[in-house]
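The tour goes stop by stop, with something to select at each.

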Amino acid sequence: MAIAMPKLSTSIPEAAKALSAGKLVAIPTETVYGLAADACNEQAVQSVFALKGRPSHNPLIVHVSGATMARRYARWNPLAERLAAAHWPGALTLVLPKRAGCPIATSVSAGGETIALRAPAHPMAQQLIEQFNGGLAAPSANRSGRISPTWPEHVIQEFLQADLLVLEGGPCAIGLESTVVDCTGDTPVILRPGSIGSDEIKAASLCHQPAKATDRLTCANGEHHIAGEKLKSPGLLTSHYAPTLPLRLEASQAGKGEALLGFGRVGGTHNLSPSGNLAEAAANLFAMLRALDDPACFCAIAVAPIPQTGIGIAINDRLRRAAAAKADKQYPEG
Ligand code: TXA
Ligand code: MG
C-alpha cells in the first residue's frame with residue numbers, strides 16, 4: 001500500500017475540490033498556516049481533530065469571506081459589525097453566538113453555543129473561501145501542543161504521512177495567530193492577544209458608541225485580566241506553542257549548551273530582528289524557534305527580552321506559554 005504524504009499545490013480549484021470531497025487542505029493565511037476542512041462537514045471536521053491530536057473540547061475558528069458570510073453562521077451584532085468593519089479581512093477572530101439553524105458541524109464549537117469567525121486577508125485564502133462558497137474550519141496546521149507553522153515546509157514537517165493538500169502561499173506575513181475577541185457581551189473581551197492590540201480593539205469598538213460601554217475592555221489573557229472572570233476560550237487554559245527544548249526567557253546571553261534567540265542588540269544564534277523591529281520579530285518567531293529546536297545541538301533555547309509593547313505583548317504571550325509548556329505538560333493543545 002502506498003504511504004500517504006502531503007502534496008504541495010498552488011491551485012485554488014484543486015483545493016476547493018478537495019474540500020468539497022471532505023478532504024483536508026492546509027491553507028496560507030497572513031497569521032499562520034491553517035488545517036482547513038469544510039466547516040459544515042462533521043466527518044471532515046472530525047478528521048482535523050484526529051490529525052492534530054486535538055482534544056474535542058477545544059473549538060475551531062471558522063474562516064469566512066467577510067461579514068456577509070459570517071451572518072450565515074452567527075448572530076451578528078453591532079460590536080462585531082464595528083470590529084469587522086475596522087479589521088476584516090485581517091488577524092481578528094470574533095466569538096459570537098451561533099445563529100439558530102447554524103449549519104456548521106457541532107464539533108467545530110466543541111458542543112458550545114458560540115462560534116469563532118475570521119476573514120483572513122491572505123489572497124489565496126480569500127480566493128479559496130470565495131470559490132468554495134462556505135466557511136472553512138481551520139486551526140493552526142500543527143500537531144497539538146506544537147509551534148504554529150508559518151511556512152508551507154513547516155506544515156509538511158508536522159504531517160509527514162498525511163493525505164493532505166498544502167496550498168503553497170509563501171511565508172506568513174504576520175507570523176502570530178489572530179487576536180481572539182469575545183463579542184457575546186456588551187464589551188469586547190480579548191481572549192488571545194495578537195497583532196491587533198487592545199488599543200485598536202478599543203478604538204474600533206468605541207466608534208459611534210457611548211464611551212462608557214467599552215471603557216471596560218478586558219483582556220482575559222494578560223495583565224488586564226479581571227480576577228475571577230471565567231476564561232471563555234478553552235485554548236487559553238492550555239500550554240501551547242512548545243518546542244521540544246526548554247525555553248529560558250529574558251536572557252542576555254547564552255548559557256552553556258544553550259542556543260540564543262536574540263533581539264536587537266542581544267545578538268544570538270538567530271536574531272528575531274537585529275534592528276529591534278517587533279513586527280519583523282513576530283514574523284520570524286516560530287520559524288526561528290523551530291530552527292533552534294534541535295536537541296542534538298542544544299540543551300535549551302535562551303530568548304532575549306522582548307519589549308512588552310504593541311505586538312511584543314503577543315510575542316511575550318507565546319513565549320511564556322512555550323516556556324510554561326515545559327514545566328506543565330498537563331494540557332498540551334494548540
Ligand atoms: O490566526 C489564527 O487564528 C489561526 C489561523 C489559521 O486562522 N488559527 C488558529 O487556530 O490559531 P487555533 O485553533 O490554533 O486557535 C484558535 C483559538 C483557540 O485558543 C480556541 O480555544 C479559540 O480560538 N476558540 C475557537 N472557537 C472558540 C469559541 N467558540 N469560543 C472561544 N474561543 C474559541
Ligand atoms: Mg493553534
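Two strands count as paired if DSSP finds at least two bridges between them. Helices (H or I, at least four residues) and strands (E, at least two) are DSSP runs, numbered from the N terminus. The model is predicted: local features need pLDDT of at least 70, side-chain atom pairs count only at pLDDT 80 or more, and totals for chains, interfaces and linings use all residues. Residues are numbered from 1 along each chain as its sequence is written, chains are lettered from A and ligands numbered from 1 in the order in which they are written, and side-chain values use heavy atoms, with hydrogens and water left out.

**Stop 1: strand β9**

Select residues 179–182, which make up β9. β9 and β10 pair in the antiparallel sense, over 3 bridges. D182 stands opposite V189 of β10. Follow the chain from β9 to β10: a hairpin connects them through 6 residues.

β5 and β9 run parallel and are joined by 4 bridges. Pick L94: its bridge partner in β9 is V181.

In a regular strand the side chains alternate between the two faces of the sheet. Buried means under 20% relative accessible area, exposed means over 50%, and partly exposed lies in between (1.4 Å probe, protein chains only).

**Stop 2: T93 and S178**

Stay on β5 and select T93. Its relative accessible area is 0%, so T93 is buried. Which side chain does the side chain of T93 contact? It makes a polar contact with the side chain of S178, at 2.8 Å. A polar contact is a pair of N or O atoms within 3.5 Å; within protein, one must be able to donate a hydrogen and the other to accept it, and residues adjacent in sequence count only if both atoms are side-chain atoms.

**Stop 3: ligand 1**

S178 leads on to the ligand. A polar side-chain atom of S178 lies 2.6 Å from an oxygen atom of ligand 1. R118 also places a polar side-chain atom 3.0 Å from a ligand oxygen atom. For T114, a polar side-chain atom lies 3.0 Å from a nitrogen atom of ligand 1. How much of ligand 1 does the protein bury? Taken alone, ligand 1 exposes 680 Å², and the protein buries 97% of that. These accessible areas come from the Shrake-Rupley method with a 1.4 Å probe; for residues, only the protein chains shown count as cover.

Now select the shell. A residue is near the ligand if one of its heavy atoms lies within 4 Å of it. There are 25 residues around ligand 1, and T31, N58, H63, S178 and R192 come nearest. β6 gives the largest share, 3 residues. Colour by class: 10 are nonpolar, 10 polar and 5 charged. Here Ala, Val, Leu, Ile, Met, Phe, Trp, Tyr, Cys and Pro count as nonpolar, Asp, Glu, Lys and Arg as charged, and the others, Gly among them, as polar.

**Stop 4**

Select W76 and W88. The whole structure holds 1 aromatic pair. W76 and W88 form it, tilted, with 5.7 Å centre to centre and 45° between the planes. Rings of Phe, Tyr and Trp (its six-membered ring) pair if their centres lie within 6.5 Å; planes under 30 degrees apart count as stacked, over 60 as edge-to-face and the rest as tilted. W76 is buried at 17% relative accessibility, and W88 is buried at 12%.

**Stop 4: backbone details**

Most residues other than glycine have a negative phi, and most peptide bonds are trans. Step from W88 to P89: a cis peptide bond joins them, with omega about -5°. P89 sits in the loop between α4 and β5.

Go to N133, in the loop between α5 (123–132) and β7 (136–137). Its phi is positive, near 60°. N133 is partly exposed, at 49% relative accessibility.

**Stop 5: the open sheet**

Finish with the 4 strands that form an open, parallel sheet in the order β12-β15-β13-β14. β12 (247–248) and β14 (270–271) stand at the edges with a single partner strand each, so one side of each is left without a neighbour in the sheet. Inside, 4 bridges join β13 (258–262) to β15 (300–303). L261 stands opposite V303 of β15.
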